Amino acid sequence: MMGDRKRTDGSITVFLSLTMLIIIALLGTMTEVARGKACRVYSRRTLRTAVDSLMTEYSRPLYDRYHLFFIENGGKAFPQSIAGYAAKTLNPDTLASGKMDFYDGVLTDVTVEKERYAGENGAAALQEQIMSYMKRTLAVDAVQKLLGKTKALEQLDKAAEGIDQKVREEKEAAQESQSILKLMQLVDGVDCSGGSVKGQQTFVKMFFHGKKQPERFGITESTAWDAVKGNIVELQVYFSRISKSVKIRQQFAKLVCDVEEKAREALKIAEEIGPQLHSYNISGDVIAVLRSNLSILVQTQEYLKQPLTDENMSALKQLWKKYNTSGIVFDYAGINERGGADNPINSFSNAIAGGLSKLVCRQGEKISKKLVKNPDRYRNLYDKIREDTNADTDQIRSFVKKQEVSFGQTTKGITRALASDALMCGYMKKNFSSVVQFAGTGEKRLDYEWEYILCGGKGDEQNLNEVIKRLVLFRSVINITALLSSASKRNTAYTAALGVVGFTGMEPLVRFTQTLFLILWGMVEALVDVAALLQGKELSAIKTSKDIVVKFSELYKVSNQYIMEKVSGIPRTVAQSLGYSEHLMLLMMGTNTNKKCYRMMDLMEWNIRDNDVPKFNFGICVDSFVVNGNFSFATKLFQLPFVQSIVNRNAGYFQQDVVIEAQYTGP
């Protein structure tokens, strides 16, 4: 009995001991789990602190000059820097020796991925930071004020398209009339296309026998005859010498060849017009006469390739007796009374020959000659899809030379400014210089930074000239719209058109010339507008005919002095006025935003290199990235042998994976 009692008491002791061990293991496990959660929070806080410490290394010059937060991903690698900052938290120097570290963790691995560089995705990072900064600093009423000024321009693109369509339709209607004028040049040698009557050097009727009389050439109007009679060639002079002089023979052959080209061109035009030739008061069978004369010119060239014997010379002279110079008669009636007036387009062409900047900039005003070696660097690097750059980059000269306009191309995308446009404009006004104002501090690689952002040329002068062209075209649309709405202005232009081409009696040509004169009028007015903008004055977004300061009669005397005199009478500000910077903002609305940001990156990099950090590289700057960290923490309570035996595992450490998204500003 005594032995049995002892065994029972012993079993209870063992049971209690095992129970105690289980309770201790349970308590240890629960404590270790709680410690694990604390370590997870500690891991995230440690990595966040390390990442934040790294982000304090942002480019200070970029922030000081342009209020942007970017960090250069160069030199010491991001993971290495983060690990260094984390080590100071995981292993603090203040930890007393001999005391247990509750966390006792290490950063075993750290990687950085998804870095967003400044130029990626159309410079999205730069755009976001600019918008974020301007929303904090630019007053709402300032944005609304600017947007209100541009509201009147909502229909400008439609007005431009209407002008383009009007020119196309009238030019097409006047095409036959212009072909008749061209036929006059080729056959009679009389050039009336520019208003003033001029004689041509080579033309179909330039050869004659006997007396040089206008009746023998079908030219009875004295003005036309006086223009061409000096260029008519007497055949007998050549026939008497071509068999004796190789040089004279070559000269005659060249002349015959040139006239043959004129005859072929004239025949092509005549065949295209066909029966309608007679509706223009042209007498004779034009096509038959041209074919006959062309045949004689071709046969003459064959004779000139052979030895000129007496027999061949006799045949050649006989052949030329059939050459018809009086079978085609154009009607020049009225050329004295209504034709021959000076064409203001010719005067304008001469005025702009030296460049628009010489007309709209004040005499003696120094234009920057600064150049850069590698313009549009970041755009060329990132922008793989390049939009079509205008094939005709000088629309003003295209108008003068070809009577073609494309104002719709100028106003494309320019309707009404958005809030983002106003914010971008405000940022550029604060940080970038233009020809009318200096912004920022220090040396500038280019003085005309706004102009570079818009045009991307290699130098200040080139960019300024291009901006002047675009401003002239832009203001021309506003001015032409005002002129077209005025009956008196249209009548003035029509009267002038009659004075230039009215003698032809071709109404479509007169109407087309009237429209060209109205466009020219608007362009000259635009030159005055741009000169005023460059002098810091402001202009109304929309004009009426009463606001036009240029008179039609003044189109013949366009010069720098004339434009400056007109500018002096323009007030500095008017109601709902727009200055130079607002006009450039409107032009930039038609320019791809990515392109503008890439060019801003160019300017920022150049200026920081010249003033702060010689090797600064905006291309390797990032504003956001993702950090992956792996932490390892030693177990504390699981390290007891009896606990490890009970849980049947050797848990020496456990790991924590942490992901941190780092970004300076939100989208």
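Is Ser81 buried or exposed? At 7% relative accessibility, Ser81 counts as buried, where buried means under 20% relative accessible area, exposed over 50% and partly exposed in between, with a 1.4 Å probe and protein chains only. Ser81 sits in helix α3, which covers residues 78-90. Helices here are DSSP runs of H or I with at least four residues, strands are runs of E with at least two, and both are numbered from the N terminus. Apart from neighbours within four places in sequence, Ser81 is in contact with Leu54 and Lys76, contact meaning heavy atoms within 4.5 Å.

The model is predicted, with local features needing pLDDT of at least 70 and side-chain atom pairs counting only at pLDDT 80 or more, while totals for chains, interfaces and linings use all residues. Residues are numbered from 1 along each chain as its sequence is written, and side-chain values use heavy atoms, leaving out hydrogens and water.

The average pLDDT of the chain is 84, and 85% of the residues score at least 70; pLDDT is the predictor's confidence in each residue, from 0 to 100. Over residues 94-98 pLDDT stays under 50, and the model has 1 contact beyond four places in sequence for them. Over residues 388-392 pLDDT also stays under 50, with 3 contacts beyond four places in sequence.

The chain has 667 residues, of which 49% are buried. Its secondary structure comes to 27 helices and 10 strands. Of the contacts with a separation of 6 or more, 79% are between residues 24 or more positions apart. Ser420 belongs to helix α19, residues 419-431, and counts as partly exposed because its relative accessibility is 37%.

Helix α7 spans residues 175-188. From first to last C-alpha, its 14 residues reach 19 Å, close to the 20 Å expected at 1.5 Å a residue; the expected span is 1.5 Å times one less than the number of residues. The helix is mostly covered, with 10 of its 14 residues buried. Among them are Ser177, Ile180, Leu183 and Asp188. The buried residues of α7 pack against β3 (190-191), α8 (222-228), α10 (246-273), α11 (286-304) and α23 (507-534). Gly189 follows α7 and has a positive phi, near 80 degrees.

Helix α23 also packs with α24 (residues 560-568), at an angle of about 65 degrees and with the axes 9 Å apart. Axes are lines fitted to C-alpha atoms, for helices over the stretch in contact, and angles run from 0 to 180 degrees between N-to-C directions. α23 is therefore roughly perpendicular to α24: 65 to 115 degrees counts as roughly perpendicular, under 35 as roughly parallel, over 145 as roughly antiparallel and the rest as oblique. Residues of α23 including Val524 and Leu527 meet residues of α24 including Tyr562 and Ile563.

The axes of α21 (residues 460-484) and α23 come within 7 Å and cross at roughly 125 degrees, so α21 and α23 are oblique to each other. The contact involves Ile468, Leu471 and Asn479, among others, in α21, and Leu518, Trp521 and Leu527, among others, in α23. This crossing of α21 and α23 is right-handed.

Notes:
A crossing is left-handed if the near helix is turned anticlockwise from the far one by less than a right angle, and right-handed if clockwise.
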